[in-house]
Amino acid sequence: MVCYTANGKTIGSGDTLPARYLPFAILNHGTFYLDDFPFLHHRKAYWIQRIGNHRVSFYPVGAAIAALPWYVPAIIAGAQPGERRSEDLEKLAAAGMVALSVALLFAALRRLTTGKGALWITLTYALGTSSLSLSSQGLWQHGASQLAFSMALVCLVRARQGDAWWAGLAGLPLAFAVGCHESNLALF
């Protein structure tokens with residue numbers, strides 16, 4: 001988390017804006033509509049679509065759903081969409097998801113290789129890939145996908161070691177990965 005948040009700023013774009021504000025809609029109104037955020041409703045905002053009388057994200061909602069655990073305490077404490085904390089929450093959630101994926105990858109690798117090998121592979125993933133430069137910097141679809149795949153890997157490694165129940169459980173994060181980014185389906 002320290003490495004992912006060290007730059008002190010969110011690096012996002014229009015692509016990440018729906019995922020930044022959807023947790024507010026989900027937690028405050030129980031909806032996936034972006035209607036309550038008029039500051040997002042630019043005429044040519046490619047990241048918002050009109051469906052009937054509602055505005056929705058052009059992107060899958062997986063990243064916003066995965067961000068909910070980081071948003072809940074802030075919303076309870078009074079965070080409002082559009083204020084500076086919204087951007088900070090996006091960064092915190094993105095960094096948290098990727099950091100958790102790093103921890104899960106290490107846990108899986110510890111069961112497959114030596115401690116030193118697991119550490120080097122994990123450090124390479126954490127600091128030598130787009131995990132550092134992109135996924136942990138904003139609520140792109142990638143960070144939530146990485147978290148889902150890391151969860152699935154832990155389940156599959158556990159299944160490989162003799163408990164078949166874990167293989168079935170791997171289906172949940174794999175399905176969620178598709179909800180984060182539909183192109184993840186190509187990996188199956």
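A residue counts as buried when its relative accessible area is under 20%. By this cut-off, 43% of the 188 residues of the chain are buried in the predicted model. The accessible surface of the chain amounts to about 9700 Å². Carbon and sulfur atoms account for 64% of that surface.

The secondary structure consists of nine helices and two strands. Along the sequence, these elements follow the pattern α-α-β-β-α-α-α-α-α-α-α. The radius of gyration of the chain is 17 Å. For 188 residues the globule rule gives 16 Å, a close value, so the chain is as compact as a globular protein of that length. Along the principal axes, the C-alpha trace spans about 55 × 35 × 30 Å.

Contacts in the chain were also examined by their separation in sequence. Among those between residues at least 6 apart, 64% join residues at least 24 apart.

A nonpolar patch was found on the surface. It is formed by Leu119, Trp120, Leu123 and Leu127. Together, these four residues have about 390 Å² of accessible area. One of them, Leu127, belongs to helix α5, which covers residues 115–127. The relative accessible area of Leu127 is 39%. Partly exposed residues fall between the buried limit of 20% and the exposed limit of 50%, so Leu127 is classed as partly exposed. Patch members need over 30% relative accessible area, and Leu127, at 39%, is a member of this patch.

Methods: Residues are numbered from 1 along each chain as its sequence is written. This is a predicted model: local features need pLDDT of at least 70, side-chain atom pairs count only at pLDDT 80 or more; totals for chains, interfaces and linings use all residues. Side-chain values use heavy atoms; hydrogens and water are left out. Patches are made of residues with over 30% relative accessible area and no salt bridge: like charges are joined within 9 Å, nonpolar side chains (Val, Leu, Ile, Met, Phe, Trp, Tyr) within 5 Å. Accessible areas come from the Shrake-Rupley method with a 1.4 Å probe; for residues, only the protein chains shown count as cover. A salt bridge is a side-chain nitrogen of Lys or Arg within 4 Å of a carboxyl oxygen of Asp or Glu. Helices (H or I, at least four residues) and strands (E, at least two) are DSSP runs, numbered from the N terminus. Buried means under 20% relative accessible area, exposed over 50%, partly exposed in between (1.4 Å probe, protein chains only). The radius of gyration is taken over C-alpha atoms; the globule rule is 2.2 Å times the number of residues to the power 0.38. Contact means heavy atoms within 4.5 Å.
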